[in-house]
Amino acid sequence: MESGESAHIIYGGESLESKTVYYWSVKIWDNHGNVSKESETAAFETAFLHVGEWRAKWIEPEQATAVEEKPVSLHEVIKCKTVAPDSIDMKPCQYIRKNFKAEKEVKSARVYATAHGLYKLFLDGERVSDIEFAPDNTVYSEYLQYQTYDITDKLAVGEHTIGAILADGWYAGRVGLTGDSCQYGNMLGLLLQMEIRYADGTAVMIGSDSSFKSLTGPLIYSDIFVGEKYDATKELTGWAEPDYDDGNWKAVREAEYDRNALVAQYGEPVRVCKVIKPVKIYTSPKGETLVDFGQVMAARVKFSVKDAVKGTKIILEHSEIVDQEANFLNNILGRYKNQTDTYICKGGGIETYEPLFTFHGFRYLKITGYPGDMNAAGLEAQVLYSDMEIIGNFECSDPRLNQLQHNIFWSQISNMLSIPTDCPQRERAGWTGDAQIFAPTASYNMNVAPFFKRWLRNMEKDQLPDGQIPNVVPYLKAYHPGNGLEGMDTHCSAGWGDAAVILPWTLYNAYGEKAILEENYEMMKKWVAYIVRTAENDNPDNLGEVTPEREEHLKYMWNTHFHFGDWLTPSVSFNFETGDVDMIQSAYKTMDLVPSFYYAYSADLLSKMAAILRREADAEYYAGLNKKVREAFIYEYVDNKGHIKTNLQGIYVLALKMGMVPDMLRKNTLEKLIEMIHDNDNKLDTGFLSVPFLLDILKEEGRLDLAYDLLFQEECPSWLYEVKMGATTIWEAWQAVLPDGKPTSVSYNHYAFGCVGDFMYRVIAGINAAESGYKKIAIKPEFDSRIASARGTLATIYGKVISSWSIEGHLVTVNVTIPANTTADIYLPGARVPGVTENGAEIARVPEITNLEQQGGKVKLSVGSGEYHFSYQI
């Protein structure tokens with residue numbers, strides 16, 4: 001191929017066959033005629049390319065039908081106390097086994113498996129893989145992943161046993177805001193197909209069918225929310241080994257389900273990615289045995305016990321906080337939000353336990369019933385998240401900002417367990433608004449492309465026929481209108497449903513993959529079409545006089561139905577003295593304006609994406625739609641001074657970001673925003689949807705100083721207030737811990753407000769994508785006297801970008817690394833062309849530097865790939 005492209009090359013070879021390994025390598029010719037060596041050989045393997053290749057049967061163990069817990073109202077959730085696990089009607093986990101024989105020498109062997117529920121696979125008593133929570137959290141009825149396991153090296157000639165354990169998981173267990181169950185079904189099931197190819201060219205298939213057997217055992221229950229109970233006195237020793245006597249095991253039954261939803265695993269699975277040891281084990285003033293791991297996280301706890309008496313019950317309770325006296329305090333409200341694991345000892349020798357099918361959001365562990373010295377328990381927290389590559393890092397001279405970056409990263413990994421969630425304890429739901437807000441920051445920290453692409457595929461499956469995008473994906477029953485959230489009269493909300501448009505745009509800019517736009521284009525169009533119809537056909541009550549001119553504008557105003565608005569606007573939703581939170585008030589205060597902001601924004605982004613995809617008519621239509629929405633908003637809500645009817649920082653930020661004020665009045669709108677910030681003692685007062693744009697709007701409008709003032713603010717509400725109060729993650733509410741140290745009952749692990757992370761990468765470190773996917777890079781740091789040095793790294797698809805700078809006295813040094821097959825524009829703040837050197841030479845004399853120019857107080861220059869070292873005086 002004669003091309004300068006080295007990323008996102010679409011395969012164009014011969015037709016692929018199912019269940020086949022393909023090998024490939026690369027050789028590169030440069031523009032000077034140089035030829036590289038051939039790369040190391042790489043490989044990929046196909047799974048089933050046709051649904052008819054599934055010959056195994058769905059099987060279901062003999063089991064009681066799961067009890068369906070109905071959704072309850074949000075007020076009931078808040079009022080009700082956590083229910084004791086043993087008083088809940090819980091289902092035991094199911095053990096399944098099948099003996100088989102490898103008749104000859106094995107050349108290759110694969111197991112393809114999935115489940116209704118969660119499953120773990122075993123061969124001859126050993127786990128087949130380190131994958132956790134398979135088959136992932138998806139829209140099971142429409143998008144059910146199966147996993148492929150290579151067991152070739154495990155199959156010698158002779159007898160073997162394949163086994164699996166099933167648990168309720170997201171399929172049948174308790175999930176979401178209200179902890180209701182049976183989202184997709186009430187019976188656990190397994191689909192498994194093993195294909196063995198012998199060295200002599202013959203093959204055999206062993207599929208799940210009625211010859212498999214099942215039994216319940218030590219896992220009395222295992223639930224995503226409630227926790228897990230394991231009774232070691234009921235262990236089935238050797239249950240997945242060939243010589244085990246399964247005479248009392250029961251036959252499974254074959255079941256019929258539509259297989260068109262089956263898809264091969266896409267994106268990284270969940271794994272134990274980090275292990276954390278306790279920083280402190282202590283006895284609280286109330287006499288409780290508590291363990292402090294020093295970090296809020298999503299994890300499970302592993303421990304050992306020696307020579308315990310048979311039947312000894314050890315209970316592990318998890319929480320993110322302790323009270324002011326360091327006693328255990330459960331900060332998560334609602335039924336079934338127990339976060340409690342129970343282990344019953346079998347007695348004698350060393351016993352080691354780690355939960356199989358649950359995880360918890362916590363920092364602190366309360367242990368009851370442990371016999372002996374806790375320091376000998378070998379306690380460790382096994383941190384769980386989708387095993388994405390960590391590609392970015394930010395650090396600077398200010399330890400507070402470094403801690404903020406730490407907090408952002410830990411909230412990211414805590415809330416990227418299979419899907420992007422709001423929090424890893426109370427809801428664990430795929431809130432669309434949270435995800436679109438945080439996605440730019442997420443894409444700096446990790447390679448989130450496959451993770452989010454999979455979630456977008458589930459979003460498309462959950463999209464309603466009329467185009468609505470549910471507020472959470474997968475769409476749980478608790479979030480349907482009339483269930484958990486009072487006031488919800490539709491399935492969607494502005495800024496949340498718009499994730500269908502915003503997230504593909506974010507991913508395209510971060511990774512440069514046009515296919516992301518193609519794949520989601522119809523979903524985006526359907527969403528915007530829903531907004532268009534709603535705006536045209538629905539009008540709010542009490543409109544007053546409607547002139548013909550106003551009537552025409554009203555067709556482009558999206559201002560009916562319930563919306564979350566600029567959710568969690570501090571001055572509206574928080575009492576900073578008592579810690580009380582009334583989240584819904586932000587919605588009521590702002591939901592008449594916010595939808596039109598996002599109507600315009602989605603139309604604008606969709607116009608840009610249509611142009612990229614060369615759909616010119618669509619691009620023109622959506623650009624025109626954006627213009628009409630902006631004109632209608634200005635007509636209805638903006639006065640002749642550039643002021644907007646609702647005096648909140650967030651409303652002004654969104655208006656400036658979305659172009660919802662006339663250009664001639666933009667300066668007035670900005671001045672009003674600045675006035676509100678000053679009146680709030682230089683503290684932010686922006687909610688969910690406006691926080692991501694706050695600092696950038698100030699920077700772009702010439703007030704970088706004020707943007708930095710807000711970033712460095714330490715009084716509540718602010719990012720560094722949380723740091724000052726000891727946060728190790730990002731909080732749901734700015735005042736989660738009051739100034740006197742009193743904790744409140746909110747989530748301490750919500751990544752949404754961590755969206756400031758991309759500002760630190762882009763503005764402080766200076767790493768920007770000048771073209772999508774970093775084919776062209778802009779290194780553009782912005783200095784502030786409170787930061788003496790900063791460094792950012794980002795592994796793009798082309799290679800690693802590094803931008804670091806330091807100021808010592810008047811001497812500035814800027815070091816930059818640009819990867820192969822890319823170019824970069826570099827901006828040097830405070831520099832003058834005659835005074836800048838690159839690696840000791842005057843920049844005007846360096847042949848690799850082009851387009852050198854003075855731009856006001858900055859020097860701009862262009863470079864190709866390589867390492868560059870600039871120095872100058874300021």
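Helix axes here are lines fitted to C-alpha atoms over the stretch in contact, and the angles between N-to-C directions run from 0 to 180 degrees. Helices (H or I, at least four residues) and strands (E, at least two) are DSSP runs, numbered from the N terminus. This is a predicted model, where local features need pLDDT of at least 70 and side-chain atom pairs count only at pLDDT 80 or more, while totals for chains, interfaces and linings use all residues. Residues are numbered from 1 along each chain as its sequence is written, and side-chain values use heavy atoms, with hydrogens and water left out.

Let's start with a helix pair. Two packed helices are described by the angle between their axes and the distance between the axes. For α5 and α6, the axes come within 11 Å and cross at roughly 155°. That makes α5 roughly antiparallel to α6 (the label for angles over 145 degrees). On the α5 side, the contact (heavy atoms within 4.5 Å) is made by A449, F452, K453, W455, L456 and M459, and α6 brings A499, A500, L503, P504, L507 and Y511. Sorted by class, that gives 11 nonpolar residues, no polar ones and 1 charged; Ala, Val, Leu, Ile, Met, Phe, Trp, Tyr, Cys and Pro count as nonpolar, Asp, Glu, Lys and Arg as charged, and the others, Gly among them, as polar.

Now look at the loop between α5 (449–462) and α6 (499–511), where P474 sits. The peptide bond joining V473 and P474 is cis, with omega about -5°.

There is another cis bond from A134 to P135, with omega near 10°. P135 is in the loop between β7 (126–127) and β8 (144–150), and D136 lies in the loop between β7 and β8 too. D136 is not a glycine, but its phi is positive, near 85°. Is D136 buried or exposed? With 2% relative accessibility, D136 is buried (buried means under 20% relative accessible area, exposed over 50%, partly exposed in between, with a 1.4 Å probe and protein chains only).

P135 also turns up among the contacts of T114, along with Q145, Y146 and others. T114 belongs to strand β5 (residues 106–116) and is buried, at 0% relative accessibility. The T114 side chain reaches the backbone oxygen of Q145 at 2.6 Å.

Finally, R614 is a non-glycine residue with a positive phi of about 60°. R614 is placed in the loop between α11 (594–612) and α12 (616–637), and is exposed, with a relative accessible area of 68%.

Note on methods: Polar contact = N/O pair within 3.5 Å; in protein donor to acceptor, adjacent residues only side chain to side chain. Parallel < 35°, antiparallel > 145°, perpendicular 65-115°, else oblique. Lists of a residue's contacts leave out its neighbours within four places in sequence.
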